[in-house]
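Subject: A structure for you to look at

Hello,

I'm handing over the structure we talked about, and I hope you enjoy looking around in it. Please open it first, and then read on for what turned up.

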Amino acid sequence: MYHTFIRSILLCIATLSVPLAMAEGTVARALFASEVLDREPIDELGDVIKVEYGEIQRVYFFTDLRDMEGDQVTHVWKLDGVIEAEIPFDIGGDRWRVWSSKRLMPGFDGKWSVDIVKDGEVLESRSFDYVDEW
């Protein structure tokens with residue numbers, strides 16, 4: 001009888017903790033793309049992007065956020081660990097898609113990363129190497 005009572009309490013605690021975890025929100029998708037059209041990335045770039053001479057390359061960072069309505073999320077772009085840009089977004093719905101971009105030119109080679117930050121905490125991070133093979 002005692003063990004059944006304890007199991008019931010643990011089950012209640014587990015059931016109640018699920019909505020609390022959901023309330024914090026999640027990052028459903030986070031990826032680099034060459035373009036975003038109609039609020040969706042048209043492709044997914046790999047872990048290595050090669051410098052293209054004679055033109056400026058634009059790389060987009062796309063995120064699909066869930067259950068964060070009313071919060072603010074920031075894309076923090078870094079080159080070799082040094083912050084290059086911080087782009088804040090106000091989240092206006094339960095599912096909110098946002099993207100930011102960076103114009104890359106020769107000389108900007110190195111390890112690029114973007115942190116998804118909410119309330120000072122990094123939710124997720126993605127990176128790519130911008131490689132100059134000249």
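Strand 1 and strand 5, which covers residues 57-66, run antiparallel to each other and are linked by 7 bridges. Within this pair, Arg 29 sits across from Asp 64 of strand 5. Please keep in mind that this is a predicted model.

The pair belongs to an open sheet of 3 strands, in the order 1-5-8, with antiparallel pairing. On average, neighbouring strands here are turned by 15 degrees against each other, direction ignored.

Which residues have the most contacts inside the largest nonpolar core? They are Trp 77 and Phe 128, in a core of 22 residues. Several strands supply at least two residues each to this core, among them strand 6 (72-79), strand 7 (82-90), strand 9 (110-118) and strand 10 (121-131). If you click on Phe 128 and skip its neighbours within four places in sequence, you will find it in contact with residues including Phe 32, Ile 49, Val 59, Trp 77, Leu 104 and Trp 112. There is also a second, separate core of 5 residues, which includes Leu 31, Ala 33, Tyr 60 and Phe 62. As a general point, nonpolar side chains in soluble globular proteins tend to be buried together.

Start with Arg 58, which is located in strand 5. Arg 58 counts as partly exposed because its relative accessible area is 35%, between the limits of 20% and 50%. Its side chain forms a polar contact of 2.8 Å with the side chain of Ser 101. Not counting residues up to four places away in sequence, Arg 58 also touches Ala 33, Ser 34, Lys 102 and Arg 103. Glu 35 is 23 residues away along the chain, and its C-alpha atom is 8.0 Å from that of Arg 58.

Then go to Lys 118 in strand 9. Is Lys 118 buried or exposed? Lys 118 is buried, because its relative accessibility of 11% falls under the 20% limit. The side chain of Lys 118 makes a polar contact of 3.3 Å with the side chain of Asp 71. Beyond its neighbours within four places in sequence, the contacts of Lys 118 include Glu 24, Met 68, Gln 72, Val 73 and Leu 123.

Notes: Residues are numbered from 1 along each chain as its sequence is written. This is a predicted model: local features need pLDDT of at least 70, side-chain atom pairs count only at pLDDT 80 or more; totals for chains, interfaces and linings use all residues. Side-chain values use heavy atoms; hydrogens and water are left out. Two strands pair if DSSP finds at least two bridges between them. Helices (H or I, at least four residues) and strands (E, at least two) are DSSP runs, numbered from the N terminus. Axes are lines fitted to C-alpha atoms, for helices over the stretch in contact, and angles run from 0 to 180 degrees between N-to-C directions. A nonpolar core is a set of buried Ala, Val, Leu, Ile, Met, Phe, Trp, Tyr and Cys residues joined through side-chain atoms within 4.5 Å. Buried means under 20% relative accessible area, exposed over 50%, partly exposed in between (1.4 Å probe, protein chains only). Contact means heavy atoms within 4.5 Å. A polar contact is a pair of N or O atoms within 3.5 Å; within protein, one must be able to donate a hydrogen and the other to accept it, and residues adjacent in sequence count only if both atoms are side-chain atoms.
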